[in-house]
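Student: I'd like to learn how to read charged side chains in a model. Could you walk me through it?

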Amino acid sequence: MSNLIQFVANHDDLSTDKGFQFKFYCDKCRNGHMSRFSPNSIGIAGELMRAAGSLFGGHFSDAGNAAYHVQRAIGGKAHDEALEKAVQEGKQYFKQCTRCGHWVCPDVCWNHKAGLCEDCAPDEHEELASQQRQAAKEQIYTKTREQNYTGNLDFLNQGAVVQCSNCQATLDAGKKFCPECGTPNVAAQTKEKFCADCGASVKPGQRFCAECGKPQG
């Protein structure tokens, strides 16, 4: 089988005791070809023995397992023959690169002009487009990190930003009234009282506003 290893190294063996089947993969893109299923006469016999065992029960039910182990022991030649046949069938769906030795699918991964796989001889137009997209991606990555998108955010709330209790607009704690709806800023008035009419500072115990004369509660 050593003459087949180069091709079958990249494959799945889907064989069971019922028959043989193999799936071969392109070394570059993993496109695959599945061989036709080849029944195994020994596997069929094993199925019959298992059926007989299930009918009679008892110790004869172990005949199914015995048939499977017999098939595994003497089925090597049948398996190798099926594999060799599948390899010959599968080879026609792949091309081998004489530079790297890989087997690739001709539709996607083969450079017909160069007579090599596209790993060894990339398509010029595809490679140019790929490099352009890669360069654009790297430039976008660099430029986006040169911009400061969070400079106006106060993560520690050092500016004591609060929300208006009426309309939830953002306002500084030092503002006496909400600039959106005019509601007094509760946060600012907890430290100092202001006239609800004109916003002038009102001292504790002061009955009237010194600016507008409005009675203070």
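Tutor: Start with accessibility: buried means under 20% relative accessible area, exposed over 50%, and partly exposed in between (1.4 Å probe, protein chains only). Arg36 is exposed, at 63%.

Student: What should I keep in mind about the source?

Tutor: This is a predicted model, where local features need pLDDT of at least 70, side-chain atom pairs count only at pLDDT 80 or more, and totals for chains, interfaces and linings use all residues. Residues are numbered from 1 along each chain as its sequence is written, and side-chain values use heavy atoms, leaving out hydrogens and water.

Student: How many salt bridges does a search of the whole structure find?

Tutor: A salt bridge is a side-chain nitrogen of Lys or Arg within 4 Å of a carboxyl oxygen of Asp or Glu. The search of the whole structure gives 2. One of them joins Glu89 and Arg36, at 3.5 Å from N to O. That pair links distant parts of the chain, 53 residues apart: Glu89 sits in helix H4 (residues 76-91), Arg36 in the loop between strands E4 (32-34) and E5 (38-39). Helices (H or I, at least four residues) and strands (E, at least two) are DSSP runs, numbered from the N terminus.

Student: Is Glu89 buried or exposed?

Tutor: Glu89 counts as buried, at 14% relative accessibility.

Student: Which residue forms a salt bridge with Lys77?

Tutor: Glu81, with the closest N and O atoms 2.3 Å apart. Both are in helix H4, 4 residues apart, so about one helical turn separates them. Lys77 is exposed at 59%, while Glu81 is partly exposed at 45%.
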